[in-house]
Amino acid sequence: MTLHVSKNGPPMEFDLRAAINAVSDVVANRPLPLREFDQIYMKVADMVIQAHLIAERLHNLNVVFIGDGDAISLSIMHLKQSGIFKKAPNKIHLLDFDERIVNAVIRFSEKFDFSDKMTAELYNVVDPLPESSFQKHDAFYTNPPWGSKNGGESVKAFMERGFEATNKSALGVLVIADDPKLPWTQEVLQSTQITALNMGFVVGEMIPELHLYHLDDNPKLRSCTCIFRRVEGAVLPSKSMPLNSLRLKNFYGGGSPLIIKHVREIASLNYGKAADVSYKLETLEEFDE
């Protein structure tokens, strides 16, 4: 089946039913979102489109994901491992502050036999990058908190970690809110592009208003995909530093500071099944004691 990302976008030829079924495997594995940390998940059809776009653009590269609640990284590698996609990054490494997401990636990649291509590590952007990731990757991908109430400061923090994690000829992918009718989305787009320029990156490609989300208070809000490339001769960061206290105070906007270092997973024997605290059972009357 041939699809188009946009009117002018490239055609995508693959088995759509197989792709949706494969991504549904990933969605079933994904932990429930925590809205207080702006974990808002992309809808399945748009996950398929986004996974294909990134698989094509970052083919054969070593990629770091700075957070990935949507599970685009896992979708890409699962679709490639399943033979549905012809292209994919060589390797993907995920850095995420949510241990539930990290462990879900590890379990899934082991189950489907691509743990040599997909790895994950617990990490919060408040901290300097792990030495194992500093300037070690060919590209980064991030879909951060969108900064609707803080002028995009949260977006900049995730972008900066991506810039620090990549080498001199790197690409970067940023997914961010995009609605011309909402001024804050355009202001954040502008400020993040200025940040990219200051870090030695230019916008190589932008696909506007591409994705929809499970967002109760604004279900029609879309996001775009911006693809950056580092310009030749750009000065790379000399080191990675922790975020200062001023940046933490309004990280989520509206006076909401970043105070949580990690979300820890509570161990369960029933991964992939409903938590027993979310329901109760009532027996037939004849079996009541």
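Select Phe-140: at 0% relative accessibility it counts as buried (under 20% relative accessible area, with a 1.4 Å probe and protein chains only). This is a predicted model, where local features need pLDDT of at least 70 and side-chain atom pairs count only at pLDDT 80 or more, while totals for chains, interfaces and linings use all residues. Residues are numbered from 1 along each chain as its sequence is written, and side-chain values use heavy atoms, with hydrogens and water left out.

Next, show the aromatic rings; the whole structure has 10 aromatic pairs (ring centres of Phe, Tyr or the six-membered ring of Trp within 6.5 Å; planes under 30 degrees apart are stacked, over 60 edge-to-face, the rest tilted). Phe-65 and Tyr-141 are stacked, at 4.4 Å centre to centre and 20 degrees between the planes. Phe-65 sits in strand β3 (residues 62-66) and Tyr-141 in strand β6 (residues 137-142), 76 residues apart (strands are DSSP runs of E, at least two residues, numbered from the N terminus). Both Phe-65 and Tyr-141 are buried. The rings of Phe-140 and Phe-201 have centres 6.4 Å apart and planes at 75 degrees, so this pair is edge-to-face.

Now colour the strands. The open sheet of seven strands runs β5-β4-β3-β6-β7-β9-β8 with mixed pairing (two strands pair if DSSP finds at least two bridges between them). Its edge strands are β5 (118-122) and β8. Zoom in on β3 and β6: they run parallel and are joined by three bridges. Val-64 stands opposite Phe-140 there.

Definitions and conventions. Helices (H or I, at least four residues) and strands (E, at least two) are DSSP runs, numbered from the N terminus. Buried means under 20% relative accessible area, exposed over 50%, partly exposed in between (1.4 Å probe, protein chains only).
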